[in-house]
Amino acid sequence: MKAYGPVPSRRLGRSLGINNIPAKNCTYSCIYCQLGATLDLTSSRKNFFDPSELKEEVNRKVQETEGKGFQIDYLSFVPDGEPTLEKALGKEIDLVSSLGPKVAVISNASLIWDDDVKSDLARADWVSLKVDAASEKTWRKINRPHKSLSLDKILNGIEEFSRQFTGTLATETMLIDGYNDSREELDRLGEFLG
């Protein structure tokens, strides 16, 4: 199922979820992931689904929901993995944007250093970028990233994106006892996010 919900969201109101990649294709294998182990740990973007078919499925779900008298506040790319692994993400955002509700993307930010990813995400109305740590050692322990990724490149990419993005930018951090909750880690994280 590529479209699900809508579900009530603390941040986004009534959110219709969009699963734009197959389950557990991710750039990370986070120790806290509620979906279990990553099946395909990769940092290579590729095409997973036909963007027009994705739009058709999302449109059917929007029509069904609105037909029942419910409003959708956001169409949210929040798949069972990392949404920016989809090479056609920008096209997908453009296509579903035509359906009416605002578009959100919830990303782990691992590919934000890539100019194409920044360009794709810039098409959304609301973007959340995850930052669990601002130190390399802690980031590797928590997020267990693909070996090709670099925290410095990611943090620099987030800063660049934040300067050019005209929509709403949010961030998420999972605090984990004994990993990233020390005064030193929190200060470093707070300094970066500030």
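The lining of the largest cavity divides into 8 nonpolar, 1 polar and 2 charged residues (Ala, Val, Leu, Ile, Met, Phe, Trp, Tyr, Cys and Pro count as nonpolar, Asp, Glu, Lys and Arg as charged, and the others, Gly among them, as polar). The model is predicted, with local features requiring pLDDT of at least 70 and side-chain atom pairs pLDDT 80 or more, whereas totals for chains, interfaces and linings use all residues. Residues are numbered from 1 along each chain as its sequence is written, and side-chain values use heavy atoms, with hydrogens and water left out.

The volume of the largest cavity is about 50 Å³. A cavity is a set of points on a 1 Å grid over the protein atoms alone where a 1.4 Å probe fits but cannot get out, and lining residues have an atom within 4 Å of a point. Among the lining residues are Tyr 28, Lys 130, Asp 132, Trp 139 and Asn 143. Helix α5 (151-164) gives the most to this lining, with 4 residues (helices are DSSP runs of H or I, at least four residues, numbered from the N terminus).

The structure holds 2 aromatic pairs (ring centres of Phe, Tyr and Trp, the last by its six-membered ring, within 6.5 Å; planes under 30 degrees apart are stacked, over 60 edge-to-face and the rest tilted). Tyr 28 and Trp 139 form an edge-to-face pair, 6.2 Å centre to centre with 75° between the planes. These two residues are 111 residues apart in the chain. Tyr 28 is buried at a relative accessible area of 3%, and Trp 139 is buried at 2% (buried means under 20%, exposed over 50%, partly exposed in between, with a 1.4 Å probe and protein chains only). Phe 161 and Phe 165 form a stacked pair, at 4.8 Å and 20°, and both are buried.

Technical notes: 1 Å grid on protein atoms, 1.4 Å probe; cavity = no way out; pocket = protein on both sides within 12 Å on 5 of 7 lines; lining within 4 Å. Points joined across faces, edges and corners; volume = space filled by probe spheres on them.
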